[in-house]
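Notebook open, viewer running. I'm jotting things down as I look them up.

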Amino acid sequence: MQRGIGGGADVPSWRRLYAKTDRTTSESMTVLRHLEDAAAVARLLWDEWLPDAVRRRIGEVASSDPGRQDPSGRALLMWLAGTHDAGKMSPAFVERLSAGTGHAFVDLPGETTRLGFHMSSLTKDAKASARHAIVGQVAIERWLTARFGDGWDRPRRRRAQRLAAIAGAHHGFPADNHAFLAASNSDGLGDETWGAARQELLDHMAAATGADDHLDEWLSRDWPVGVQALLVGLVVLCDWLASDSDVFPYRDGRSSDERARAALARFRLPSPWRPSTVTDAVRLFRERFPSVQADPNTFQQAVTALAAEVSRPPLLIIEAPTGSGKTEAALMAAEVLAAKYGSGGVFVGLPTMATSNSMFGRVLDWMEAGAVPELGSVYLAHSKAELNGDFADLRARGRPRAVYDDDLPAGGRPDASRDYVHARVASWLTGRRKGVLASFVVGTVDQALVAATRSKHVALRHTGLAGKVVIIDEVHAADRVMRIYLRALLAWLGHHEVPTILMSATLPRTIIEELGGAYERGARPRVGENPVGPRELEPAYPRAVCWDGQWRQLSTPSDPARSLTVGVQPLVRSVPDELRERLGDGGVAFVVRNTVKRAQDTYQELREEYGDEVVLLHSRLIARDRLDRENDLMGLLGPRADRPHRLVVVATQVIEQSLDIDADVMISDLAPVDLLVQRLGRLHRHRHRDPGRPARLREPELLVDAVEGWDSDAPCLEGGGVKVYGNAPLLESLAVLRGPLAGARVEIPADVPGMVHAAYVEPDIPEAWRPLWERGRAADARKDAEAKSRADSYRLPDPWFESDLRTWGQSTEPDDDAILSASVRDGEDSFEVVVIREVGPRIEPLAHLDDLAGREIPFDSPPDPDIAAALAECTLRLPSWLSRDAVLEELERDALPGWQQSPYLVGQLVLRLDEHGRTTLAGQELHYAPDLGLTITRVAKERSAGERG
């Protein structure tokens with residue numbers, strides 16, 4: 001046990017200054033020891049963990065000859081990691097460390113004084129302005145200036161500032177100019193003795209890491225802001241790993257290299273994925289997707305060939321019908337691109353947790369089929385990942401351990417049906433900030449969109465994404481706010497040279513141009529290349545639009561076996577009357593509503609006639625109920641299911657996305673035409689069932705509801721759809737559907753590009769509709785401007801706008817997962833709550849969980865882990881239109897402080913219901929029933945109409 005400042009009299013005093021102490025054991029670690037550990041970690045991460053694509057990106061800047069294998073990039077990372085805490089050699093840090101050690105050190109400032117360092121009394125402002133990360137930034141910039149002379153030209157001084165700013169950002173946010181100037185003039189830096197100590201430390205680390213041989217070259221190179229961000233993320237990783245006292249103990253005679261080697265072995269950080277180059281698409285498809293039992297279709301082969309032909313990391317936009325194999329095409333292309341450009345993994349982003357769960361299993365199967373021949377690290381990135389059986393099983397096998405407050409402990413139920421041997425959850429690469437660093441990540445798209453925000457430790461997300469092929473599915477589901485962040489994300493992915501694949505069943509040309517232009521502008525166009533975006537694309541379907549320095553479009557003929565002729569009619573009778581006639585001989589009908597309230601009302605109406613043959617699915621079910629319901633639907637209506645004689649599924653927009661279920665007939669509220677096409681993807685989806693469908697349902701039919709007078713001069717649109725989508729998109733859709741509604745049939749997919757083009761590019765709006773349509777367009781433009789204004793205060797600057805990391809600044813948004821996710825979505829339900837029922841003196845979880853029957857749930861202490869995990873399954877999100885301030889005030893007043901000590905429940909708000917499932921919140925009456933989900937009454941009509949599903 002070490003007390004006081006250790007080391008003999010012959011040890012230079014600066015070497016004996018502390019970086020950290022342990023309150024319970026009184027042990028300590030010097031600044032030098034910690035920085036040597038961090039530099040040793042940096043060496044191993046560079047050599048054994050970092051994907052080739054990231055090494056190349058950094059090396060292109062660090063070296064004057066990026067084509068040769070030189071040690072410049074490795075030395076740079078080691079030097080940055082080995083100097084990041086230089087600011088801990090300051091009186092401000094000594095005082096902060098002394099205040100945090102309690103009884104372990106009686107007089108740390110006195111001990112420091114006896115080493116020859118002056119400790120004056122510091123004001124609160126001096127200590128606040130001289131935080132050690134910014135002091136380190138000041139010290140490194142001054143050291144570089146002193147070392148290379150005061151006669152620098154402005155470019156070299158600016159490069160020194162950018163390198164020094166990496167140390168200033170390692171605690172989550174870069175220091176802006178104001179903070180830097182305040183630290184530069186703070187008494188917290190100490191006198192010249194402290195300055196000399198920091199200089200000696202920096203001299204030592206420059207020699208120890210090999211930076212001495214490269215510093216002059218680094219100061220002659222421009223440093224793109226994206227490379228600065230990658231380096232910040234890597235320095236943070238080195239710091240976090242070297243700060244784990246279990247593997248880097250305070251008292252240890254081993255060298256830093258030995259300690260780092262042992263740490264990486266214990267954490268089992270994986271080597272980067274290096275797939276072999278495969279050019280035969282047929283062979284690749286057969287090996288990776290054996291369950292399909294077919295050869296790849298023409299489109300899948302063409303996309304794979306296109307990936308092999310590109311001349312630089314591309315943006316690839318895939319637009320093809322639902323059920324046509326887009327996911328398989330994207331994974332094949334990802335494997336080809338990763339082999340070509342050194343990507344070390346794949347990120348797949350989807351719109352919802354449900355679609356992410358479905359994709360997670362498909363990615364695991366792809367890995368298991370040979371895409372990843374060795375053990376690869378995986379992560380499911382959303383807040384309910386522990387409810388996914390495959391992920392819970394893999395995590396339990398990996399025996400996760402908590403490192404800092406980012407990680408959740410082991411838990412979940414290992415109930416997966418597959419024994420995956422090529423995938424595991426690496427114990428250290430978990431949690432909301434580190435999970436994206438795993439090699440293969442599937443999650444909600446906001447996990448990627450947050451990389452475009454001014455959020456804490458956003459550089460880690462850049463580091464994680466820059467080493468992968470990024471796939472974003474269901475791009476059509478992005479709302480106006482998400483598209484702002486998606487454009488920003490694509491600009492950064494282009495800047496980082498990340499191969500990126502976007503997928504959708506339908507995308508208007510204007511959206512393709514918008515997203516494609518963003519990626520191209522960020523991609524550092526080479527000499528002679530000007531960003532132009534994919535202009536004047538010819539309507540084609542299916543198609544792949546690609547940019548690899550130039551734009552091109554590839555299209556293939558549609559598969560005749562997958563073509564569908566759909567009759568489109570207006571719904572002229574009530575839904576019960578229509579279904580009574582159509583389902584007389586049995587069959588499956590989907591009724592798709594635009595709002596939760598409308599879906600709940602329809603469900604209750606149909607229950608009176610069909611009883612248990614009706615199922616309701618929407619977003620306002622607790623997590624366990626929704627997951628169970630989706631699994632039940634897959635079991636009843638999936639591709640290999642034995643379908644029931646009759647079933648009616650009433651759903652909101654959630655049914656548009658990635659549920660592989662099949663209906664015989666569909667009734668849908670009027671929606672934008674591209675979303676109607678998405679809904680039609682569930683109609684006669686499983687063609688092998690066609691001979692067995694009831695005779696009157698063998699011709700696919702779509703009945704359009706929520707509009708009256710569609711063929712008149714004054715159509716009346718249902719208010720809920722208008723609140724969700726706006727007048728203009730609905731009128732554009734209705735204009736396109738006038739022909740089909742009058743008796744013409746729609747050919748899917750042949751008619752899709754023309755319909756989407758007619759709605760979004762050249763809408764033919766009847767003259768009588770134009771005043772309402774133009775008012776709708778103006779309202780949409782105002783909403784777009786408001787959304788952009790809100791997003792701009794939280795969004796990172798575009799990479800071409802500014803090349804200095806210090807401009808990233810700090811958002812005013814709280815550093816909270818739920819708020820971060822909601823910030824990149826428009827109209828997203830706002831508050832996630834754990835819903836409990838109070839029955840007398842007892843608490844009961846809302847979900848029916850037999851294994852908790854009779855178990856006591858405490859009010860004022862953390863529940864047992866299995867109970868806490870069960871409670872975490874009882875979450876839902878309240879609608880955003882509820883009064884935010886009133887809701888927060890009431891929920892915080894009813895909080896259960898003891899639950900905040902549970903890793904599963906920390907930060908969760910609690911909604912308390914009575915024994916009948918009712919409560920009052922913010923002046924509204926809430927009721928939760930297992931069949932209906934959450935209902936809200938006494939709500940103003942115009943607001944309830946706008947609830948989105």
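Predicted model: local features only at pLDDT ≥ 70, side-chain atom pairs only at ≥ 80, totals over all residues.

**Helix α32 and its cover**

I started with what covers the buried residues of α32, and the list includes β21 (831–839), β22 (842–845) and β23 (875–878). I then checked which residues of α32 are buried, and got Ile-867, Ala-868, Ala-869, Ala-870, Leu-871 and Ala-872. That is 6 of the 8 residues of the helix (865–872), so α32 is largely enclosed by the rest of the structure.

**The open sheet**

Next I traced a sheet of 7 strands, open, with mixed pairing and the order β14-β15-β13-β16-β17-β12-β20. Its edge strands are β14 (614–617) and β20 (745–748), each pairing on one side only.

Helix α26 (673–680) packs on it, touching β12, β13, β16, β17 and β20, and its direction makes about 155° with that of β16. Helix α28 (727–741) also packs on the sheet, touching β12, β17 and β20, at about 100° to the direction of β12.

**Arg-57**

Last, I went to Arg-57 in helix α2 (52–62). What partners does a buried Arg-57 without a salt bridge have? Glu-60 is the nearest side chain of opposite charge, 4.1 Å away; the salt-bridge cut-off is 4 Å. A polar atom of the Arg-57 side chain does lie 2.8 Å from the backbone oxygen of His-495. Beyond its sequence neighbours within four places, I noted contacts of Arg-57 including Pro-224, Val-227, His-496 and Arg-524.

Conventions: Residues numbered from 1 in each chain as written. Heavy atoms only, no water. Helix = DSSP H or I, 4+ residues; strand = E, 2+ residues; numbered from the N terminus. Buried < 20%, exposed > 50% of the residue type's maximum accessible area, 1.4 Å probe, protein only. Lys, Arg positive; Asp, Glu negative; His and termini not counted. Polar contact = N/O pair within 3.5 Å; in protein donor to acceptor, adjacent residues only side chain to side chain. Contact = heavy atoms within 4.5 Å. Pairing = 2+ DSSP bridges. Axes fitted to C-alpha atoms, helices over the stretch in contact; angles between N-to-C directions.
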